[in-house]
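Subject: Structure for your review

Dear colleague,

Please find below the structure I promised to hand over. My notes on it follow directly after.

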Amino acid sequence: MSKPVETDSFLGNFGRTFITAFQTVGAMTLLQLRIFRSLLAIKNFDYDESVTQLFKIGVRSLPVVIATAAFVGALMVVASGNFVRATGATTLIGWAAGTAVFSEVGPILIGLMFSGRVGANNTAELGTMVVTNQIDALRVLGINPIGYLIVPRFMAMIVMLFFLTAIGDLFALTGGAITCRAVLGIDMRIYWQGILDSNLLSEFIMGLVKAIFFGGAIAIVSCHWGLQVTGGARGVGRAVNDSVVTSAIAIFMVNFFITVLWT
Amino acid sequence: MLQYAAQILDASLTLNDSLVLDQVFLQLESGRIHALVGAGGSGKTLLLRMLATLLQPSKGELHLFKKAINFRDLKSLRQVRSNIGVQFQNLALFDFLTVGQNVGFPLEQDSELTKDISIQVKTALDSVGLDGRQEHAISALSGGMQRRVAIARAAVAKPKLLLFDDPSGGLDPVTTSRIFELIRTIQEENDNTVVIASHDIDRLVKLCHIFHVVDHGKVIFSGTLSEARQSTDDRVKVFLDV
Amino acid sequence: MIEYVNVTKQFGPLTVLDGINLTIKDGEITYVIGSSGTGKSVLVKHAVGLLRPDAGRILIDNIDTTDFNERQWNQIRMRYALVFQHPTLFDSMSLVDNVALPIRKHQKVSKPAAKKSAMEYLERVGMTTKADLMPSDVGPGERKRVSIARALTLSPDCAILDEPTTGLDVVASKNIDEMISELSKSLGKTVIVVSHDLRSIFGVADRIVFLYKGKIRLDGSPSAFRASDDPVVRQFVSGEASGPMET
Amino acid sequence: MYSIGNQSLVFIALTLAFLGLILVYQASYQALKVLPDLTPVGPVFIGTMVRVFGPTVVALMLATRVGAGIAAETGSMTVTDQIEAMKVTNADPVEYLVVPRFIASIIMMIVLWVFGVLVAVAAGTLIGTLRFGIQLRTFLSLSGTTMSDVWVALFKCVIFGAAIPILAADSGFKATGGSEGVGWATTKAVVHSLFTVILLDFLISSIAYRFGW
């Protein structure tokens with residue numbers, strides 16, 4: 001057996017990264033197909049596990065999503081503050097903050113936070129089940145791990161990220177409004193009026209559509225890395241790391257394509 | 001007069017609101033091999049950790065080498081620790097270092113020992129039958145070999161107090177015997193005080209001088225095997241199988 | 001009846017099983033023994049399709065299962081109870097819910113009914129008083145008993161126990177040994193035990209299979225084992241440090 | 001330091017490139033609705049990239065990539081008793097494990113910020129010139145960027161770079177109970193550092209705004 005040549009050159013490194021990337025994407029597509037197959041076999045649907053997951057995911061991430069959203073909204077207002085000060089166009093602040101929050105920054109940051117809170121946790125949970133043989137135990141008991149564990153998580157993440165983004169948008173705007181008054185010293189009414197005037201329904205809906213896809217992507221990525229774990233405690237940590245990194249890339253890529261296709 | 005290498009005096013320990021060690025008296029006579037036996041979860045590992053100065057008793061005192069340990073005084077704690085060697089239950093080998101670096105690690109931390117590290121490491125690995133594997137990664141060794149590396153690392157600085165937590169757990173009878181033999185050799189060479197926590201009664205009986213039975217966070221018996229046979233406590237007889 | 005025909009399994013460059021031929025008879029207690037890392041667990045995982053052989057066949061009741069897919073294996077697995085070395089209870093569920101899960105999934109019964117029948121299984125292993133505790137709240141010996149109870153819920157014909165007494169104290173070990181005898185003698189089940197606990201091997205086994213360097217070194221009754229003049233076997237039985245055995 | 005920087009390069013490049021693309025795309029698209037003129041898009045984009053999105057997004061990515069890595073590593077060392085083993089041999093785990101990562105993280109944060117802004121601007125220029133037909137010279141203008149933007153961004157980089165390894169190592173050292181504990185610690189490290197970056201970013205930006213920097 002020949003040992004693979006260890007190239008430490010930048011190019012070799014780059015090439016390896018790409019090959020692993022393609023392998024990962026391939027494995028994730030397979031997982032996706034298996035999820036859909038299990039979804040079709042509706043009789044195997046585990047109602048209890050789904051409700052548990054919905055509850056766990058929602059409750060677990062609501063506080064952190066709200067807090068993030070509020071600060072993100074605030075941040076957007078401060079960021080536009082510099083230009084508003086330069087141009088004096090205070091009415092534009094609501095429009096700028098609203099567009100940014102609804103269409104891009106809101107879904108992306110809430111998605112990142114969700115992947116950190118829920119996705120990473122999911123990878124850790126599944127990874128622990130793998131290294132402690134719990135997945136094998138399910139198989140030995142004649143229970144399909146995809147149907148029992150993965151499908152409920154997949155659906156729960158999509159549903160929950162959708163609602164969390166909707167709620168988060170609201171809090172982001174509120175956070176922006178408070179900052180508008182407190183830091184920029186601009187009347188909140190001008191800010192709210194700006195948002196109402198600029199008719200952001202399309203942006204709002206696009207953000208929610210993004211949330212659905214982000215939720216699905218985070219679910220597949222986090223389940224994939226969770227089921228991949230090898231090598232004990234260290235392996236679980238590494239898988240969580242891979243999971244959040246891949247989720248972040250997926251979020252930025254999916255985000256770009258949805259925006260381009262939408263407009 | 002008896003010399004004690006370590007004494008746990010009336011120590012209790014509370015972890016997460018539950019009392020895990022309850023008014024423990026444990027005295028370890030110097031230069032002897034001590035066995036720590038008891039059911040799973042009875043507190044053996046906690047006692048070893050306390051002896052290693054890694055756990056501070058919530059109440060009571062820990063004396064090592066005739067001095068009371070003050071857990072706040074980091075300088076004297078360092079001094080005491082350089083006289084303790086521990087083999088952890090899950091080995092705790094540094095997986096980012098090679099076999100040789102693992103064994104040499106305790107030496108590098110002690111300014112008096114930094115001379116000729118590689119020779120000391122070689123001698124230590126030789127004594128556990130792993131000479132020539134200095135450059136290997138930890139993950140390249142089998143479970144039994146890793147166990148021997150952990151023992152070599154614990155013993156390399158010739159500590160006065162050597163603690164072994166389940167040195168043979170999950171190993172087959174032959175490997176187990178080899179590890180117990182190894183502990184005997186190390187003790188005979190350096191005359192250190194050794195504590196072994198294990199379930200392997202058959203082999204402990206052959207190797208150890210003094211037996212301590214732990215049950216529900218209490219040390220319920222300390223003494224030789226013949227003393228254990230005369231004990232009126234059924235638990236002692238059950239756990240020592242005498 | 002489980003038959004291994006010339007089964008070979010490799011992990012990377014390491015040959016773990018090297019042409020194993022073995023027949024496990026119904027109703028017997030078979031112990032698979034050998035030094036750490038010789039592939040005892042690997043051997044039994046082949047019997048339930050958790051691992052597939054690189055070469056060779058596996059026959060279960062004269063049916064060749066080598067090329068079965070996951071769904072076909074699920075049917076076979078229902079007849080087995082496999083208890084892993086480290087108890088694999090689902091740590092987010094209480095003990096009774098752990099036992100109830102396979103009942104709920106396979107017998108299509110309501111949750112309370114599943115729980116009630118789970119309690120009956122817990123009674124068999126003497127764990128009813130702790131049924132509502134979480135796995136992390138009980139000791140390793142008790143976790144092992146609960147995972148045996150869970151494995152029995154599918155009323156299997158055969159139980160496979162991977163190192164059931166490793167890491168347990170003397171008392172807990174004896175309890176498990178008694179349960180193993182019980183399974184075979186009064187319930188008539190086939191039992192396969194992976195172990196190197198010499199005490200229980202000679203106390204309980206009907207038949208011993210000694211695995212050494214990927215091959216079966218000896219296959220016979222405990223008395224045949226004691227009488228063997230193979231130096232490796234003798235060293236293993238006596239547990240002595242010096243001898244020809246490589247570890 | 002090498003591992004913190006090198007492993008993050010491809011990742012930062014990918015995410016920042018997509019960020020650059022989307023920002024210019026959105027900015028141009030929205031601008032077309034209100035203004036006929038796309039000349040300010042480039043300068044404004046570069047200015048915001050340097051001051052706001054550059055440090056923030058690079059720090060968010062560093063938090064997921066490096067923060068999770070540090071937590072995973074120290075966490076698995078904690079639950080396998082390697083940290084305890086260090087203590088008994090008189091090695092200080094903080095000095096041995098955290099200090100080198102702390103220094104590396106601050107330096108790499110600054111390096112990756114420069115790198116990330118460059119990648120994002122390159123990607124943004126691509127879409128600005130090709131898709132919206134903005135003149136290259138109009139687009140690549142530093143007229144929307146001031147020195148105070150650079151100073152504020154640098155300050156942010158140092159603060160974020162310092163906060164991430166501390167939070168991550170802290171949750172790693174507090175890990176308990178096997179592989180599940182490591183998973184928890186890693187999750188906690190990601191969430192805490194993501195959130196802390198956003199919070200600190202808001203605070204620094206507000207203060208900077210108040211003082212007119």
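In this predicted model, strand 9 and strand 10 of chain B make a hairpin in which two residues lie between the strands. His216(B), in the turn, has a positive phi of about 45°. The two strands run antiparallel and are joined by five bridges; Val213(B), for instance, has Phe221(B) in strand 10 as its bridge partner. Strand 9 of chain B also pairs with strand 3 (residues 33-38) of chain B, here in the parallel sense and over five bridges. In that pairing, Ala35(B) is bridged to Phe211(B) of strand 9.

How many of the six residues of strand 9 of chain B are buried? Six of the six are, so the strand is largely enclosed by the rest of the structure. In a regular strand, side chains alternate between the two faces of the sheet. On one side of strand 9 of chain B are Ile210(B), His212(B) and Val214(B), on the other Phe211(B), Val213(B) and Asp215(B), and all of these are buried, which leaves both faces covered.

Chain B also has an open sheet of four strands in the order 2-1-4-5, with antiparallel pairing. Its edge strands, each pairing on one side only, are strand 2 (18-29) and strand 5 (67-68). Strand 1 (residues 4-15) of chain B pairs with strand 2 of chain B over eight bridges in the antiparallel sense, and Leu15(B) has Ser18(B) in strand 2 as its bridge partner.

Ala151(C) sits in helix 5 (residues 140-152) of chain C. Is this residue buried or exposed? Ala151(C) counts as buried because its relative accessibility is 4%, and the cut-off for buried is under 20%. Leaving aside neighbours within four places in sequence, Ala151(C) is in contact with Tyr80(C), Ala81(C), Leu82(C), Val83(C) and Pro156(C). Arg79(C) is 72 residues from Ala151(C) in sequence, while the C-alpha atoms of the two are 9.9 Å apart.

Chain D has seven helices and zero strands. Its C-alpha trace spans about 70 × 35 × 25 Å along the principal axes. Of the 213 residues in chain D, 61% are buried. Among contacts in chain D with a separation of 6 or more, 85% are between residues 24 or more positions apart.

The last topic is the interface of chain D and chain A. The contact involves 53 residues from chain D and 59 residues from chain A. The area buried between the two chains is about 4,800 Å², and carbon and sulfur atoms give 75% of it. Phe18(D), Phe202(D) and Tyr209(D) supply 15% of the area that chain D buries against chain A, more than any other three residues. Across this interface there are zero salt bridges by the rule applied, whereas four residue pairs are in polar contact, both residues being at pLDDT 80 or more.

On the side of chain D that touches chain A, helix 1 (2-34), helix 2 (41-79) and helix 7 (178-210) each supply at least two residues. Helix 7 of chain D gives the largest share, 19 residues. By type, the residues on this side of chain D comprise 31 nonpolar, 15 polar and seven charged.

With kind regards

Definitions and conventions:
Residues numbered from 1 in each chain as written. Chains lettered and ligands numbered in written order. Heavy atoms only, no water. Contact = heavy atoms within 4.5 Å. Buried area = accessible area lost by both parts, 1.4 Å probe. Salt bridge = Lys/Arg side-chain N within 4 Å of Asp/Glu carboxyl O. Polar contact = N/O pair within 3.5 Å; in protein donor to acceptor, adjacent residues only side chain to side chain. Nonpolar A, V, L, I, M, F, W, Y, C, P; charged D, E, K, R; others polar. Pairing = 2+ DSSP bridges. Buried < 20%, exposed > 50% of the residue type's maximum accessible area, 1.4 Å probe, protein only.
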